[in-house]
Amino acid sequence: MTRLSEADLAGQAGDWAAYARRMRENLAVELPELCARALDLPDDMVRRRLAAARVGIVPVSSGEGRIGGFAELLAATAAFLGCPADILPPDAAGFAQARAGACDILLWADDETYLAENLRDGGRAENGWATGRGFAAALDSMACRHHLERRALVLGAGPVGCSAAAWLGGHGYAVSLCDTVPGRAQARAAGLPTCTGLEPAALAALPPFACLLDATPTGACFPRERLTHGACVSAPGVPCRWPGRLPDARRFWHDPLQLGTAVMLAAAACGMEGEDA
Ligand code: 2YJ
């Protein structure tokens, strides 16, 4: 995950009605159900476990410091999922309160790690793993809705891209995983089901893709002509440069933090373990 800026998060915590409407219109799903699909868990179990979990967020000031609006957006995301959520004191005092019983699920992020930990029952989910699954499930929702071929291009072989590629491969997609670092996509694809690693120069030889998952911060560089006319794009990368570049805004999903956080919370609430690649 690229380090988010306060500007990336501006206005995101406020309008959940608009977020839910866009999700319904574009993905035909509600956020808890999308989390359940991302985790291959029953929808009712995810909703029940989330409703029973108290979430604590500990702001972390080490390294590059706190990001304005970050803890608030995590709390708002938890609340939107039906979890009571509190922002605890920053740093050591907050961790101490959490471990003394102030919450069931602890959310915290520094410059290297963003983690949800279930302190009551066990279960922990890292952000890259959860974000990849969430955006892969979002892409799949659009692909099912528009009857697209189950063949996907994943840009970026980092933790998010690899997690997305693994989810898509496990759900019947033929996946091409592409990275600009020579050899990286090929090495990472080797352990993933129905996944082929390639470098950008190899894309020109392939037929255009109807399903794209862009897990890079450089969406603007991806040539539009490598996509079919009705292609669907799921874009966890920040900053996101896709808006305005697709003919149909409904065949597109992006948010800077909410979906990944929601999948982390759902996974931790259900006792799952998900680590970044
Ligand atoms: O508490 C805060 O406000 C800050 N310490 C939040 C920092 C958020 N961290 C990031 O954006 C990191 N790039 C997360 C890296 C996650 C790796 N998957």
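**Ground rules**

I number residues from 1 along each chain as its sequence is written, and my side-chain values use heavy atoms, with hydrogens and water left out. Since the model is predicted, I ask for pLDDT of at least 70 for local features and 80 or more for side-chain atom pairs, while totals for chains, interfaces and linings use all residues.

**Entry 1: aromatic rings**

I began by looking for ring pairs. Rings of Phe, Tyr and Trp (its six-membered ring) pair if their centres lie within 6.5 Å; planes under 30 degrees apart are stacked, over 60 edge-to-face, and the rest tilted. I found six aromatic pairs by this rule. In one of them, W16 and F80 are stacked, at 4.6 Å centre to centre and with 25° between the planes. W16 sits in helix α2 (residues 16–27) and F80 in helix α5 (residues 70–80), 64 residues apart. I took helices (H or I, at least four residues) and strands (E, at least two) as DSSP runs, numbered from the N terminus.

Is W16 buried or exposed? W16 is buried, with a relative accessible area of 11%, and F80 is partly exposed at 33%. My cut-offs are under 20% relative accessible area for buried, over 50% for exposed, and partly exposed in between (1.4 Å probe, protein chains only).

Next I checked Y19 and W253, which form an edge-to-face pair: 5.4 Å centre to centre, 85° between the planes. Y19 lies in helix α2 and W253 in strand β11 (residues 252–253), so the pair ties together parts that are 234 residues apart in sequence. Both Y19 and W253 are buried. Ring pairs link W16, Y19, F80 and W253 into a cluster.

**Entry 2: N26**

I stayed in helix α2, where N26 has its place. N26 counts as buried, at 4% relative accessibility. What lies 2.9 Å from a polar atom of the side chain of N26? I found the backbone oxygen of F252 there. Leaving out residues up to four places away in sequence, N26 touches M142, R145, A249, R250, F252 and W253; contact here means heavy atoms within 4.5 Å.

**Entry 3: nonpolar cores**

A nonpolar core is a set of buried Ala, Val, Leu, Ile, Met, Phe, Trp, Tyr and Cys residues joined through side-chain atoms within 4.5 Å. The largest has 78 residues, and W253 and L259 are among those with the most contacts inside it. Apart from it lies another core, of 15 residues, including L227 and W242. I also looked up the neighbours of L259: beyond four places in sequence, L259 touches Y19, L31, L34, G134, F135, A138 and W253.

**Entry 4: two sheets**

I counted two strands as paired if DSSP finds at least two bridges between them. Six strands form an open sheet with parallel pairing, in the order β8-β7-β6-β9-β10-β11. Its edge strands are β8 (195–198) and β11, each pairing on one side only. Four bridges join the parallel strands β9 (residues 209–214) and β10 (residues 227–234), and C211 stands opposite C232 in β10.

Another open sheet of six strands has mixed pairing, in the order β2-β1-β3-β4-β5-β12. Here β2 (85–87) and β12 (273–274) each have a single partner strand, so one side of each is left without a neighbour in the sheet. Strands β1 (residues 55–58) and β3 (residues 105–109) run parallel and are joined by four bridges. Which residue in β3 is the bridge partner of V55? I noted I105.

Technical notes. A polar contact is a pair of N or O atoms within 3.5 Å; within protein, one must be able to donate a hydrogen and the other to accept it, and residues adjacent in sequence count only if both atoms are side-chain atoms.
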